[in-house]
Amino acid sequence: MIQVWVGPSQIAGQGLFAVQAFAPGTRILPYIGEKITAPERARRLAAGNTYIFHLNYRYALDGQTLANTARYINHSCDPNCVVEQDAAILWIVARRPIRPGEELSFQYGYDLQHYRDNPCHCGASTCCGYILAPQYWPLLAPPRAAS
Ligand SMILES: C[S@@+](CC[C@H](N)C(=O)[O-])C[C@H]1O[C@@H](n2cnc3c(N)ncnc32)[C@H](O)[C@@H]1O
Ligand SMILES: [Zn+2]
């Protein structure tokens with residue numbers, strides 16, 4: 001049985017950690033949630049729900065349920081996991097070798113809307129500074145040189 005634990009994270013609040021080593025490609029756990037429509041997604045996001053996973057332009061998954069252990073996974077700009085869809089199931093999959101004790105992370109893929117409200121504390125050397133999908137990184141203003 002695959003083992004993970006919830007504990008304090010250096011990224012944000014609580015995080016999810018590997019108890020055992022994972023090889024790349026390992027399906028670690030599913031992201032469980034209620035399937036909701038795009039208008040319902042917008043309503044719940046506006047109400048402050050941070051557990052919504054965007055599926056496509058019509059649907060999203062609301063992972064704000066105790067059954068969803070993956071809800072503790074924080075965002076990283078250099079994540080060790082990816083989210084893969086297999087039929088109706090979203091899987092958290094290792095994208096590189098993961099050591100016991102390592103915090104699990106994936107790229108949340110947020111768009112540019114309100115990106116300044118979501119500063120990133122992932123600590124990666126390649127961190128773009130915000131919780132933001134990589135395709136938007138070139139649009140960010142370059143940091144000002146110290147004068
Ligand atoms: C799905 S929850 C992740 C679990 C959360 N840390 C907790 O304690 O419940 C998503 C929220 O965690 C925080 N978070 C996740 N990744 C982050 C990051 N890289 N930098 C800053 N905050 C982050 C943000 O507040 C985000 O809205
Ligand atoms: Zn980051």
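Strands β5 (residues 52–54) and β6 pair in the antiparallel sense over 3 bridges in this predicted model. Strands here are DSSP runs of E of at least two residues, helices are runs of H or I of at least four residues, and both are numbered from the N terminus; two strands are taken to pair if DSSP finds at least two bridges between them. Within this pairing, Phe-53 stands opposite Leu-61 of β6.

Contact between two residues requires their C-beta atoms, placed from the backbone, to lie within 7 Å. Axes are lines fitted to C-alpha atoms, for helices over the stretch in contact, and angles run from 0 to 180 degrees between N-to-C directions.

A further open sheet of 3 strands has the order β3-β9-β8, again with antiparallel pairing. Strands β3 (27–31) and β8 are its edges, each pairing on one side only, and the twist from one strand to the next averages 35°. Strands β3 and β9 are joined by 4 bridges and run antiparallel. Tyr-31 stands opposite Leu-90 in β9. The loop between β8 (81–86) and β9 (89–94) contains Ala-88. This residue counts as exposed because it has 9 C-beta neighbours inside 10 Å; the cut-off for exposure is 12 or fewer other C-beta atoms within 10 Å, that for burial is 20 or more, and residues in between are partly exposed, with C-beta atoms placed from the backbone. Ala-88 lies 23 Å from Phe-22, C-alpha to C-alpha, at a sequence separation of 66 residues.

The protein as a whole has 1 helix and 10 strands, which run β-β-β-β-α-β-β-β-β-β-β from the N terminus on. Its radius of gyration, taken over C-alpha atoms, is 16 Å, close to the 15 Å that the globule rule gives for 147 residues, so the protein is as compact as a globular protein of that length. The rule is 2.2 Å times the number of residues to the power 0.38. Along the principal axes the C-alpha trace spans about 55 × 40 × 25 Å. Buried residues make up 25% of the 147 residues. Of the contacts between residues at least 6 apart in sequence, 59% join residues at least 24 apart.

Around ligand 1 there are 17 residues, of which Ala-12, Gly-13, Gln-14, Thr-50 and Asn-74 come nearest; a residue is near a molecule if its C-beta atom, placed from the backbone, lies within 6 Å of it. The elements giving two or more residues to this shell are β2 (14–18) and β7 (74–75). The shell divides into 7 nonpolar, 9 polar and 1 charged residues, where Ala, Val, Leu, Ile, Met, Phe, Trp, Tyr, Cys and Pro count as nonpolar, Asp, Glu, Lys and Arg as charged, and the others, Gly among them, as polar.

Residues are numbered from 1 along each chain as its sequence is written, and chains are lettered from A and ligands numbered from 1 in the order in which they are written. In this predicted model, local features need pLDDT of at least 70, side-chain atom pairs count only at pLDDT 80 or more, and totals for chains, interfaces and linings use all residues.
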